[in-house]
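The sequence and structure are shown first, and the description follows.

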Amino acid sequence: YEEGGICYSGTLPFGGNSITQDISVGLKTPVDVAENLKKKYGHCNLDEIDPTAKIEVPSVSGRPAQMVPRQNLVAIIEPRIR
């Protein structure tokens with residue numbers, strides 16, 4: 001603080017990076033893909049996700065792309081946020 005106001009603030013990306021790493025492992029996808037999935041489809045409350053919603057996890061190392069329930073992604077994120 002300076003003269004009663006905030007003069008500098010910043011963030012440390014540790015939490016978000018940990019979630020991305022866990023998504024990468026859980027969905028068996030590279031970290032950059034996991035980060036994109038987190039940003040595009042991530043949510044922190046499993047109860048608010050349509051149980052029929054699916055997301056596409058892109059192909060990796062010759063493996064075909066796969067459609068997985070969005071709940072799988074959110075099930076990885078939710079406990080880490082709590």
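Helices, here DSSP runs of H or I with at least four residues, are numbered from the N terminus, as are strands, which are runs of E with at least two residues. The structure described is a predicted model.

**Overall architecture**

Three helices and two strands make up the secondary structure of the protein chain. Along the sequence, these elements follow the pattern α-α-β-β-α. The radius of gyration of the protein chain is 16 Å, well over the 12 Å that the globule rule gives for 82 residues, so the chain is more spread out than a compact globule. Taken along the principal axes, the box filled by the C-alpha atoms is roughly 55 × 30 × 15 Å.

Of the 82 residues, 24% count as buried. The protein chain exposes about 5,800 Å², of which carbon and sulfur atoms supply 52%. Among contacts with a separation of 6 or more, 49% are between residues 24 or more positions apart.

Most residues other than glycine have a negative phi. E3 has a positive value, near 50 degrees, and K28 likewise has a positive phi near 50 degrees. E3 is found in the segment before helix 1, which covers residues 14-26. K28 lies in the loop between helix 1 and helix 2, the latter spanning residues 31-41.

E3 counts as exposed because its relative accessibility is 84%, and exposed means over 50%. K28, with a relative accessible area of 60%, is exposed by that cut-off too.

T20 is found in helix 1. Its relative accessibility is 2%, so T20 counts as buried, for which the cut-off is under 20%. Leaving aside neighbours within four places in sequence, T20 is in contact with V31, A34, E35 and K38. With K38 there is also a polar contact, made between the side chains of T20 and K38 at 2.8 Å.

| Residue | Relative accessibility | Class |
|---|---|---|
| E3 | 84% | exposed |
| K28 | 60% | exposed |
| T20 | 2% | buried |

Definitions and conventions. Residues numbered from 1 in each chain as written. Predicted model: local features only at pLDDT ≥ 70, side-chain atom pairs only at ≥ 80, totals over all residues. Heavy atoms only, no water. Rg over C-alpha atoms; globule rule 2.2 N^0.38 Å. Buried < 20%, exposed > 50% of the residue type's maximum accessible area, 1.4 Å probe, protein only. Contact = heavy atoms within 4.5 Å. Areas by Shrake-Rupley, 256 points an atom, 1.4 Å probe, with all protein chains shown as cover. Polar contact = N/O pair within 3.5 Å; in protein donor to acceptor, adjacent residues only side chain to side chain.
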